[in-house]
Amino acid sequence: MKIAQVCPYDFSRPGGVKSHILSLSHHLRKAGHEVKIIAPRINSDLVHEEQVHLFGSNRSVNLGGTKIDINIALGKQWKELKSFLSKEKFDVIHYHTIWNPILPFQVRWLSKARQVATFHDTPKNKLVGRWIVPFIAKIVFQLLDIVISVSHSQATLISRFSSKNVHIVPNGIDLDLPNFEKKKNQPLNLLFLGRLEPRKGVLHALKLFANLKKDYPELVLKIAGEGDERILAEDFISANQLRDVELLGVVSEKEKYQLLTNADLYLGTALYGESFGIVLLEAMAMGCPMAGYATAGYLNVLNDDDLKKYFVKPGNIAALIKKVAILLEKKSTREKLSIKGMKIVQQYDWKLLTQDITALYIQLNS
């Protein structure tokens, strides 16, 4: 089959949707399919992945605690997009977060392929999440042949006003990962991975660290990611005279997995807006125990009582501090969680999940 994956976000920027698209595309190609990726023309000199085709122009806005890309192809760019789709004649076009304006709808308008969409996002705002999103989803569903959601919680959100079947195919992870040896004789270190924006909770990770640093003077916190809250993070570090906090900025995939290998504990302090939690899979795959906030998205992954025990109500930092302190004290418990996580993550192998998605594609073209 000839397949297009459509990403509505800046493809030069790390993120869960980008990882999802790249892994799915990689395994579809390994299975013999031809796959191309369509994305907005943003920072094109920083996009080096295989078969990525960029169209349109972009403006980013902050909305609901995260950055939203608004993309559109006009004039010459519209003609380029139209010519590309006419030439390629895809069998299937697979959108990711299709309602991000406006490029995905332009692709849909121009394409005669079978139409598939995976929904990834979960808004925080109750009005938006409870009424506006389901209503828009009902309209969007009419443009699609198959609807996929990454989790049961997200599927419940988008299907309230529609009888259309929503297939659950979770986010996955490539388990052919680099094998790093854990550094020996290092101080206990905590790790935060994610964009530095309100919904990801980097300031909560810093407040937790500041509290625990009093009892664990050798404790280290490493923060990997960039965003608008970096300035707030730097101000907090300075105001509290915190030592042993490393702001690493954006890291490569290899560096990310190396950080997870060496971390004693991953801090999942996201407060809202997580539909699934790919980063939890990454932590489990590298044998890194975890603690954090029990968002609806994270609970889709934390379906084991031992793992769930160390995730508390979002925003309850006092409770989280207690959980982290227990894990810092008990190396044996961390090791138990590490072993359990490595077993659980096997079910999220992209080799298996790609088969599920391919079966849906075949169903469309049979």
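Asp304 sits in the loop between helix H10 (296-299) and helix H11 (305-308). The model is predicted. Asp304 has a relative accessible area of 16%. Buried means under 20%, so Asp304 counts as buried.

The side chain of Asp304 reaches the backbone nitrogen of Asp306 at 2.9 Å. Leaving aside residues up to four places away in sequence, Asp304 touches Lys340 and Ile344.

## The second largest pocket

Rolling a probe the size of a water molecule over the atoms shows where empty space is left. The second largest pocket holds about 540 Å³ of space. Its lining has 27 residues, and the closest to the pocket centre are Lys182, Thr261, Met286, Gly287 and Ser338.

Two or more lining residues come from each of helix H8 (253-262) and helix H13 (331-344). H13 gives the most to this pocket lining, with five residues. By class, the lining of the second largest pocket has 13 nonpolar, seven polar and seven charged residues.

## The cavity

The structure holds one cavity of 30 Å³ or more. The largest cavity has a volume of about 40 Å³. Its lining is made up of Met284, Cys288, Pro289, Met290, Leu307, Leu337, Ser338, Gly341 and Met342.

H13 supplies the largest share of this cavity lining, four residues. Seven residues of the cavity lining are nonpolar and two are polar, with no charged residues. Ser338 lines the cavity and is also among the residues closest to the centre of the second largest pocket.

## Aromatic pairs

A pair of aromatic rings is described by the distance of the centres and the angle of the planes. The whole structure has six aromatic pairs. In one of them, the ring centres of Phe55 and Phe84 are 5.2 Å apart and the planes stand at 50 degrees, so the pair is tilted. This pair links distant parts of the chain: Phe55 is in strand S3 (residues 52-55) and Phe84 in helix H2 (residues 76-88), 29 residues apart. Both Phe55 and Phe84 are buried. With Phe90, they form one aromatic cluster.

Phe276 and Tyr348 form an edge-to-face pair, at 5.8 Å centre to centre and 70 degrees between the planes. This pair also joins distant parts of the chain, 72 residues apart. Phe276 is in the loop between strand S13 (265-268) and helix H9 (278-285). Tyr348 is in the loop between H13 and helix H14 (350-365). Both Phe276 and Tyr348 are buried.

Definitions and conventions:
Residues are numbered from 1 along each chain as its sequence is written. This is a predicted model: local features need pLDDT of at least 70, side-chain atom pairs count only at pLDDT 80 or more; totals for chains, interfaces and linings use all residues. Side-chain values use heavy atoms; hydrogens and water are left out. On a 1 Å grid over the protein atoms alone, a cavity is a set of points where a 1.4 Å probe fits but cannot get out, and a pocket is an open set with protein on both sides within 12 Å along at least five of seven lines; lining residues have an atom within 4 Å of a point. Grid points are joined across faces, edges and corners, and a volume is the space filled by probe spheres set on the points. Ala, Val, Leu, Ile, Met, Phe, Trp, Tyr, Cys and Pro count as nonpolar, Asp, Glu, Lys and Arg as charged, and the others, Gly among them, as polar. Buried means under 20% relative accessible area, exposed over 50%, partly exposed in between (1.4 Å probe, protein chains only). A polar contact is a pair of N or O atoms within 3.5 Å; within protein, one must be able to donate a hydrogen and the other to accept it, and residues adjacent in sequence count only if both atoms are side-chain atoms. Contact means heavy atoms within 4.5 Å. Rings of Phe, Tyr and Trp (its six-membered ring) pair if their centres lie within 6.5 Å; planes under 30 degrees apart count as stacked, over 60 as edge-to-face and the rest as tilted.
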